[in-house]
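Here are a few exercises to work through with the model open beside you. Take them one at a time, and try each before reading its solution.

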Amino acid sequence: MAAVTVLSALSFPAMADSVTNKPYLALGADLKEDEKAKVLELLDIKEEDLDNYTVVTVTNADEHKYLDSYLSASVIGSRALSSVKVVDKEKGNGLKVTTKNITYCTQIMYQNALATAGVEDADITVAGPFNISGTAALVGAMEAYSKMTGESLEADNVETATEELVTTSQIAEEIGDQDKAEELIGAVKDVIVAEEIKDPEKIEETIKDTATKLEITLTDEQVLQIRQLMEKIASLDLDINSLKEQAKGLYDKLSDLDVDLNISKEDVDGVLAQIGNWFSGIWEQIKSWFE
């Protein structure tokens with residue numbers, strides 16, 4: 001087995017202490033040898049090439065430390081298995097995420113949450129030895145990126161990104177549609193950041209309006225859960241142009257929907273009034289013919 005450098009993972013306050021030009025590999029600490037071999041195969045890494053990577057390990061205790069506030073212990077599990085490969089890329093690359101054997105989180109969910117965390121321009125591959133939720137992989141990805149680039153991620157951004165991934169996954173599970181959940185959270189975040197909305201009532205109104213436009217029915221509990229997430233997002237120093245550049249996959253989807261999510265109620269009322277006047281004029285013309 002090739003010699004590897006094993007670093008303590010998840011020390012977010014001192015993330016930038018160790019900088020390397022090597023790509024990073026965050027491995028689940030509880031992988032058995034055959035499981036590790038499977039993960040490396042999925043990540044397209046040969047055992048003899050591990051010297052070309054800086055390897056960190058993520059323990060189950062680390063996973064619980066960052067996820068217990070958002071997920072039940074049964075979802076997190078008792079073994080750290082999800083693994084992540086992070087390759088730094090040139091500016092303009094954006095975040096490109098690939099998942100293998102990950103069932104609970106989609107590529108776009110990772111991409112959107114990582115953009116919130118402040119991760120930029122990297123190719124990220126998340127893999128499990130068999131089908132797993134993959135929620136803990138976000139933590140490994142953020143840790144690896146920060147150590148690789150030397151760019152410290154703000155603690156508030158990291159926490160909010162974790163909550164964003166979990167919330168999106170939970171909403172997806174509850175409404176039975178991953179695509180719709182991605183679109184909903186992404187679209188609401190787009191409006192909140194772009195328009196710098198901080199008022200809780202306005203945030204809630206944005207959530208409900210967006211859900212209606214996307215034909216999603218939310219319970220009061222789901223609206224509250226999303227609102228609490230968006231209040232945290234609103235408190236961060238996020239740039240909408242950067243989000244769109246990094247999370248291209250999501251914003252391409254939103255563009256394809258052809259829905260103007262920033263249209264105001266006054267705009268809608270104005271359009272409806274114009275349509276009503278047009279039909280009224282047609283009706284008056286028809287009546288005049290018979291008279």
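This is a predicted model.

**Exercise 1.** Find which residues Ile 124 is in contact with, leaving aside its neighbours within four places in sequence.

*Solution.* Start with the stretch from Val 84, where Ile 124 touches Val 84, Lys 85 and Val 86. Next come Leu 95, Lys 96, Val 97 and Thr 98. Leu 114, Val 119 and Ala 141 complete the set. Now place Ile 124 in its surroundings: the largest nonpolar core has 84 residues, and Ile 124 is among those with the most contacts inside it, as are Leu 25, Val 86, Leu 114, Val 119, Met 142 and Met 230. Helix H7 (residues 178–194) contributes the most to this core, with eight residues.

**Exercise 2.** Work out which helices the buried residues of H9 pack against, and how H6 runs relative to H9.

*Solution.* First, list the buried residues of H9: Gln 222, Val 223, Gln 225, Ile 226, Leu 229, Met 230, Ile 233 and Ala 234. They pack against H6 (155–175), H7 and H8 (200–213). Next, take the axes of H6 and H9, which come within 10 Å and cross at roughly 160°. Angles over 145 degrees count as roughly antiparallel, so H6 is roughly antiparallel to H9. The contact includes Thr 167 and Ile 171 of H6 and Ile 226 and Leu 229 of H9. Finally, the crossing of H6 past H9 is left-handed.

Key:
Residues are numbered from 1 along each chain as its sequence is written. This is a predicted model: local features need pLDDT of at least 70, side-chain atom pairs count only at pLDDT 80 or more; totals for chains, interfaces and linings use all residues. Side-chain values use heavy atoms; hydrogens and water are left out. A nonpolar core is a set of buried Ala, Val, Leu, Ile, Met, Phe, Trp, Tyr and Cys residues joined through side-chain atoms within 4.5 Å. Buried means under 20% relative accessible area, exposed over 50%, partly exposed in between (1.4 Å probe, protein chains only). Helices (H or I, at least four residues) and strands (E, at least two) are DSSP runs, numbered from the N terminus. Contact means heavy atoms within 4.5 Å. Axes are lines fitted to C-alpha atoms, for helices over the stretch in contact, and angles run from 0 to 180 degrees between N-to-C directions. Angles under 35 degrees count as roughly parallel, over 145 as roughly antiparallel, 65 to 115 as roughly perpendicular and the rest as oblique. A crossing is left-handed if the near helix is turned anticlockwise from the far one by less than a right angle, and right-handed if clockwise.
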